[in-house]
Amino acid sequence: MFFYRIALLGSPLELLTYQSDIILAIGSEVTLSLSKRRMNGVVIEPCQKPAFKTQPIDEWTSYIYSERQIQSAKFIAEYYGCSLGEALNLFVPFQSVEAVAKSDYVHPDVNIVLSDMQSKALDFLRAHPISLLFGDTGAGKSEIYMRRMDDVVGEGKRALLLLPEISLTPQMERRFKNHFGETVVLWHSKMTPKQKAKTLEQIYNGSARIIVGPRSALFLPIEDLGLIVVDEEHDESYKSSSRPRYNARDMAVYIGNQYKIPVVLGSATPSLGSYAKYPFFRLRGGYYESKRHFVFEPSIEALTPSIDRSILDNTAAGHQGIVFIPTRANFKYTLCDSCGYHVECPFCSVGMSLHKNARALKCHYCNYTEVLPKVCPKCQSGALRTARLGTAEAVEHFAALSESLRVAQFDRDVITTQNKLINVLKSFNNKEIDLLVGTQMLSKGHDYHDITLAVVMGIDNLLSQSDYRAREKALSLLIQIAGRSGRKHDATVIVQSFNESFFRRYLEDYEQFLIDEMAIRQDRYPPSKKLARLLYAHKNGMKAKEAMEEAVATIHQMENVQVVGFGASAIEKIADKYRFQILLRSDKSTDLIRAIKHVKSPLCEIDMDPIEFT
């Protein structure tokens with residue numbers, strides 16, 4: 001009889017010991033029973049017969065986790081504070097060699113001509129194992145990515161392109177397939193099981209040479225991986241908001257360092273951390289000679305007559321526009337004029353958003369939905385009003401401005417499938433839509449052909465958040481949205497803000513902002529310091545608070561780790577659980593990890609390198 005320590009996939013439990021009557025390879029995926037439940041696990045290591053009785057491994061599959069995958073999962077478990085089973089559950093295993101029929105591969109003739117500046121950028125990327133392509137919007141970063149990928153694919157290796165959002169994949173797929181043909185495959189969570197099975201078959205047999213997808217694509221079983229490209233590396237979508245709370249950009253760099261794979265990070269507005277850590281090439285300008293004219297309107301977040309006029313004039317001239325609003329739905333808050341009652345979710349300490357078409361109020365945190373009340377639930381008056389404009393209300397407003405104005409909503413309430421996204425982008429670029437009204441989806445790297453007007457609302461709300469990255473996030477978002485305009489013709493960017501002096505100072509020189517911001521954060525925040533956030537949640541608020549206070553008392557006695565603050569979370573209740581948090585700071589992540597291990601409890605969720613504080 002042979003005994004093995006097994007990691008249960010997706011389980012928070014530590015390694016468990018099981019027995020087998022045959023020798024199993026390390027990394028084998030197996031099926032076993034735990035408390036009458038059937039579960040999958042991974043063989044991690046052999047061990048001696050324990051003193052307690054063990055259960056048998058029921059069966060084993062044809063899948064196996066490679067040594068590299070297990071090593072990376074161990075790092076995730078250690079650094080991001082989760083179990084090995086939870087970390088391994090991120091990965092897609094390899095098939096055994098016997099199960100894979102290899103396909104013949106012929107490298108296509110890729111003809112991509114670069115400018116002198118782009119060629120210099122390509123040489124720079126070739127010379128550095130980890131590099132940052134700091135390129136303006138429209139400067140041709142994608143062409144450089146493709147030439148760098150052509151290098152490694154020509155050597156018989158494969159390339160991985162990470163994108164922050166599923167929504168970016170259709171246009172990127174089309175561009176890459178124009179050059180690399182059917183050797184390009186997509187991977188994302190919205191694919192059907194049949195589509196995923198077909199893509200995995202292409203990855204297993206080697207016919208897929210370039211894999212494109214969001215953060216989950218990083219964990220695919222790609223043999224002979226020769227390059228990782230992380231596009232829009234600044235984007236917060238690379239950070240997982242659920243356990244394990246890993247950052248795919250940082251994991252790409254880790255994998256590159258561990259396995260000697262070159263990594264390219266790219267952005268027009270790179271994160272301060274990447275700018276400070278990695279060698280970069282500054283790619284200025286672009287293919288487009290058109291200019292952008294910025295107009296600042298000192299106003300609260302509201303649709304004003306000047307915005308209405310600009311949109312109608314722009315459409316009358318035969319051009320297209322985009323309007324950015326931070327909030328989806330019709331309105332963010334519903335209030336009573338008589339008693340001041342704020343309609344909140346019964347399970348979360350946040351206001352309910354109005355969805356007029358559904359005649360409902362919806363919580364954007366737990367998805368609780370209730371019928372729109374006709375009168376105030378508290379004082380029974382009929383004086384309910386709404387606040388904080390949303391995308392749906394703006395679409396109704398613009399549609400009412402002119403019968404000929406063709407308006408479309410561009411947010412997650414409407415763009416619920418990949419096909420809907422493709423259809424809206426196709427209609428917009430075919431000039432069947434005059435105006436797109438959306439949330440941060442607008443700022444992603446979509447290729448819009450003829451935008452000559454961009455309206456940015458609510459940017460001051462981002463700038464005023466209690467987040468040390470508020471300035472960086474607000475400026476980056478403004479530059480990204482503005483960068484969607486002015487591709488073919490000169491464009492106007494209207495910005496509703498009372499902070500014109502701040503934004504105008506850095507709009508044309510983001511690098512100077514990064515230099516100034518580095519000085520402000522020195523010795524206080526990343527990249528010069530490391531942060532960790534400990535989240536305590538329980539239906540009994542006192543239990544969560546007591547667990548937090550006990551941890552604070554313990555950490556106060558430790559050296560090299562500082563408690564920056566602690567208390568109730570900004571949103572104190574979500575999904576009927578009360579939330580408390582501790583923010584820790586240190587010079588070294590190893591000191592943070594050591595402190596966290598001392599206070600870890602079942603109520604505690606660990607968020608290393610947090611990017612969300614509100």
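Guide: On a 1 Å grid over the protein atoms alone, a pocket is an open set of points where a 1.4 Å probe fits, with protein on both sides within 12 Å along at least five of seven lines, and lining residues have an atom within 4 Å of a point. This is a predicted model in which local features need pLDDT of at least 70, side-chain atom pairs count only at pLDDT 80 or more, and totals for chains, interfaces and linings use all residues. Residues are numbered from 1 along each chain as its sequence is written, and side-chain values use heavy atoms, with hydrogens and water left out.

Visitor: How many residues line the second largest pocket?

Guide: The lining has 34 residues, and Arg 249, Asp 250, Lys 277, Lys 530 and Asp 609 lie nearest the centre. The space in this pocket is about 640 Å³, a volume being what is filled by probe spheres set on the points.

Visitor: Which element gives the most to that lining?

Guide: Helices (H or I, at least four residues) and strands (E, at least two) are DSSP runs, numbered from the N terminus. Here α7 gives the most, with 5 residues.

Visitor: How is the contact of α3 with α4 to be read?

Guide: Axes are lines fitted to C-alpha atoms, for helices over the stretch in contact, and angles run from 0 to 180 degrees between N-to-C directions. The axes of α3 (residues 116-127) and α4 (residues 141-154) come within 10 Å and cross at roughly 45°. Contact means heavy atoms within 4.5 Å; Leu 122 and Leu 125 are among the α3 residues that make the contact, and Ile 144 and Arg 147 among those of α4.
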